[in-house]
Amino acid sequence: MKITAITIFPEYFTPLSLSLIGKAVSEGIIEIAISNLRDFASGNHKSVDDTPYGGGAGMVMRPDIWADAIDAISDSDADPNRIIDLIILTPAGKRFSQEDAKALSQSEHLLFAAGRYEGIDARVGEHYKSQPRFRVHYFSIGDYVLNGGEVAAIVMIEAIVRLLPGVLGNPDSLLEESHNEIGLLEYPVYTKPPIWRGLEVPAVLLSGNHGEIARWRQISSKLRD
Ligand code: SAM
């Protein structure tokens with residue numbers, strides 16, 4: 001899977017070189033490229049925004065500069081036939097869920113558009129919707145407003161990439177996780193020591209009775225729902 005992000009703050013994406021995502025990159029499971037939107041701007045200030053039509057506070061990101069950046073990624077794609085899932089991050093988008101992560105984990109190329117200021121000119125999404133190589137998605141990571149889409153992109157990338165084969169050390173970790181198809185939250189988990197600050201691990205988990213443990217976990221999941 002190829003993952004590209006367009007941003008005016010490429011440094012925001014440095015955490016992607018850490019931990020399991022960093023390992024997935026070094027093992028060739030995913031390829032990540034970060035594109036600086038300002039590289040497509042002209043003038044001394046490399047400005048990427050302008051005042052909003054209709055007036056109002058703040059600035060809007062210009063569609064021509066965004067399109068130059070997106071086209072450059074599409075034109076230089078190693079596989080010119082693969083579909084690009086263009087993900088426009090916006091608080092007005094669909095609330096991102098585990099189900100979306102699963103669907104997007106099938107993508108061959110995810111392209112994240114991280115907005116700033118008052119967001120990206122609405123014609124960018126409109127235009128790429130009509131381009132056969134693109135599928136356009138609008139996603140929000142929650143009902144609050146961030147300063148930019150970079151953190152939202154990282155949240156989505158982490159949720160998607162951990163579903164790819166070979167990324168998690170033990171793929172069984174995915175089976176009983178919260179928000180999976182069964183629709184239950186995961187049961188509470190415990191490790192050593194068996195008594196910590198007066199709090200004991202539920203006795204059933206120390207019993208070695210796998211049937212009882214499975215039953216306890218199922219009931220605990222339902223109680224969390
Ligand atoms: N004026 C916009 C509004 O009220 O909907 C908010 C713009 S916000 C300050 C700047 C950028 O941050 C957005 O273009 C988007 O890329 C990103 N962003 C902010 N909150 C987000 C969220 N909850 N989910 C995804 N992206 C978000």
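User: How do you know that the span of helix 6 agrees with its 15 residues?

Analyst: In this predicted model, the 15 residues of helix 6 should span 21 Å at 1.5 Å a residue, and since the end C-alpha atoms of helix 6 are 21 Å apart, the two values agree. The expected span is 1.5 Å times one less than the number of residues.

User: What makes the buried residues of helix 6 line one face?

Analyst: The buried residues of helix 6 are I213, S220 and S221. Seen down the axis of helix 6, these buried residues fall within an arc of 100 degrees, so they line one face of the helix. The face turned away from that buried side carries the exposed residues I219, K222 and L223.

User: Why is N209 said to cap the N-terminal end of helix 6?

Analyst: A side-chain oxygen of N209 lies 3.2 Å from the backbone nitrogen of G211, and a polar contact requires a pair of N or O atoms within 3.5 Å.

User: How many aromatic pairs does the structure hold, and what makes the pair of F96 and F139 stacked, tilted or edge-to-face?

Analyst: The structure holds four aromatic pairs. In one of them, the rings of F96 and F139 have their centres 5.7 Å apart and their planes at 80 degrees, so the pair is edge-to-face, given that planes over 60 degrees apart count as edge-to-face. The pair links distant parts of the chain, with F96 in the loop between strand 5 and helix 3 and F139 in strand 7, 43 residues apart.

User: Why is the pair of Y190 and W216 called tilted?

Analyst: The ring centres of Y190 and W216 are 6.5 Å apart and their planes lie at 55 degrees, so the pair is tilted, because planes under 30 degrees apart count as stacked, over 60 as edge-to-face and the rest as tilted. Y190 lies in the loop between helix 5 and strand 8, while W216 lies in helix 6, so the pair ties together parts that are 26 residues apart in sequence.

How values were computed:
Residues are numbered from 1 along each chain as its sequence is written. This is a predicted model: local features need pLDDT of at least 70, side-chain atom pairs count only at pLDDT 80 or more; totals for chains, interfaces and linings use all residues. Side-chain values use heavy atoms; hydrogens and water are left out. Rings of Phe, Tyr and Trp (its six-membered ring) pair if their centres lie within 6.5 Å; planes under 30 degrees apart count as stacked, over 60 as edge-to-face and the rest as tilted. Helices (H or I, at least four residues) and strands (E, at least two) are DSSP runs, numbered from the N terminus. Buried means under 20% relative accessible area, exposed over 50%, partly exposed in between (1.4 Å probe, protein chains only). The arc is that of the directions from the helix axis to the C-beta atoms. A polar contact is a pair of N or O atoms within 3.5 Å; within protein, one must be able to donate a hydrogen and the other to accept it, and residues adjacent in sequence count only if both atoms are side-chain atoms.
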